[in-house]
Amino acid sequence: VEAIDYDFGTGLGTSAMSVEITYRQNREEIALIRTVRGLAGAEDFIAEAMDECEEKLVLQLSGYRDTDFLEIVGEYARQNPDRVMEMPSVTVRVWPDRGDTRVVELQFFYWTDRETLRAMREQVQPVFSSAALYVTGQAGERVKFQQLHTFLTERFDYTYQSSLTPSYSLLCEGIGDSNAFSQIYAAMCSRIGLEAMVVSGTRKGEKHQWNL
């Protein structure tokens, strides 16, 4: 509820009150609110919304605790470059200001349209599957790391450039930067049971990322 206004009047032995209720969202939007308890459940809905490139997600969250929802969105995108083609801009509203149960509204803004992002994902996911098949099952960890590195670095004569759709641009067009390489390599490693971290720093005075 955004506001409640009323008018009260009496006359000729009768009383009347007119009440006007203003809602933050319309009836259809209210019907789409997801009810969830705890942060883990909220994270599942956020992941589902990002997988489907939804523009809005509204949760009625019980057991609410102060949470950095932007970080949750960013971390999911970083961990799942095979599913999230574009990191959206996100706005978050939470109401009321206090209480164990609150409504959390996340709005996602993408520069690329939904159908295009889905088509990109359809082309990217087989590449991740091919990377896993490229690795020798009985080989040691060092060999597997090297095989994935070879699979990724020898796929194209790459153009070093940033992109709004890093996974698609790197794996399907040969365009990427250190952020795209490191995130995708780490994700490919994770999918075959190897642990690869992404570390950030500077190279020649510019921001850069590597794998550890």
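E5 and E6 form a hairpin with five residues between them, and Gly99 in the turn has a positive phi of about 120°. Everything here comes from a predicted model, in which local features need pLDDT of at least 70 and side-chain atom pairs count only at pLDDT 80 or more, while totals for chains, interfaces and linings use all residues. Residues are numbered from 1 along each chain as its sequence is written, and side-chain values use heavy atoms, with hydrogens and water left out.

**The chain as a whole**

The chain contains seven helices and ten strands. Helices (H or I, at least four residues) and strands (E, at least two) are DSSP runs numbered from the N terminus. The C-alpha trace spans about 90 × 35 × 30 Å along its principal axes. The radius of gyration is 24 Å, whereas a compact globule of 212 residues would have one near 17 Å; the value is taken over C-alpha atoms, and the globule rule is 2.2 Å times the number of residues to the power 0.38.

**The sheet and its hairpin**

Four strands make up an open sheet with mixed pairing, in the order E3-E4-E6-E5. Strand E3 (34-37) and strand E5 (89-95) are at the edges with a single partner strand each, so one side of each has no neighbour in the sheet. From one strand to the next, the twist averages 25°. Two strands count as paired if DSSP finds at least two bridges between them.

| Strand pair | Bridges | Residues opposite each other |
|---|---|---|
| E4 and E6 | seven | Leu59 and Val104 |
| E9 and E10 | six | Arg203 and Glu206 |

As background, strands of a sheet pair through backbone hydrogen bonds, either parallel or antiparallel.

Helix H2 lies across E3, E4 and E6, and runs at about 140° to E3. Contact here means heavy atoms within 4.5 Å. Axes are lines fitted to C-alpha atoms, for helices over the stretch in contact, and angles run from 0 to 180 degrees between N-to-C directions.

**Backbone details**

Most residues other than glycine have a negative phi, and most peptide bonds are trans. Which peptide bond is cis here? The bond joining Trp95 and Pro96 is cis, with omega about -5°, and Pro96 sits in the loop between E5 and E6. Cys53, which is not a glycine, has a positive phi of about 55° and belongs to the loop between H2 and E4. In the E9 and E10 hairpin, two residues lie between the strands, and Lys204 takes a positive phi near 55°.

**The cavity**

One cavity of 30 Å³ or more is present in the structure. On a 1 Å grid over the protein atoms alone, a cavity is a set of points where a 1.4 Å probe fits but cannot get out, and a pocket is an open set with protein on both sides within 12 Å along at least five of seven lines; lining residues have an atom within 4 Å of a point. Grid points are joined across faces, edges and corners, and a volume is the space filled by probe spheres set on the points.

The largest cavity has a volume of about 60 Å³. Cys53 is among its lining residues, as are Met50, Asp51, Tyr110 and Arg121. Helix H2 (38-51) and helix H4 (114-134) each supply at least two lining residues, and H4 has the largest share, with three. By class, this lining has six nonpolar, no polar and five charged residues. Ala, Val, Leu, Ile, Met, Phe, Trp, Tyr, Cys and Pro count as nonpolar, Asp, Glu, Lys and Arg as charged, and the others, Gly among them, as polar.

How much space lies in the largest pocket? The volume is about 390 Å³. Of the 20 residues that line this pocket, Ala77, Met87, Pro166, Asn179 and Gln183 are the closest to its centre. Helix H3 (69-79), helix H6 (166-173), strand E8 (175-176) and helix H7 (178-191) each give at least two residues to the lining, with H7 giving the most, four residues. The lining of the largest pocket has ten nonpolar, seven polar and three charged residues.
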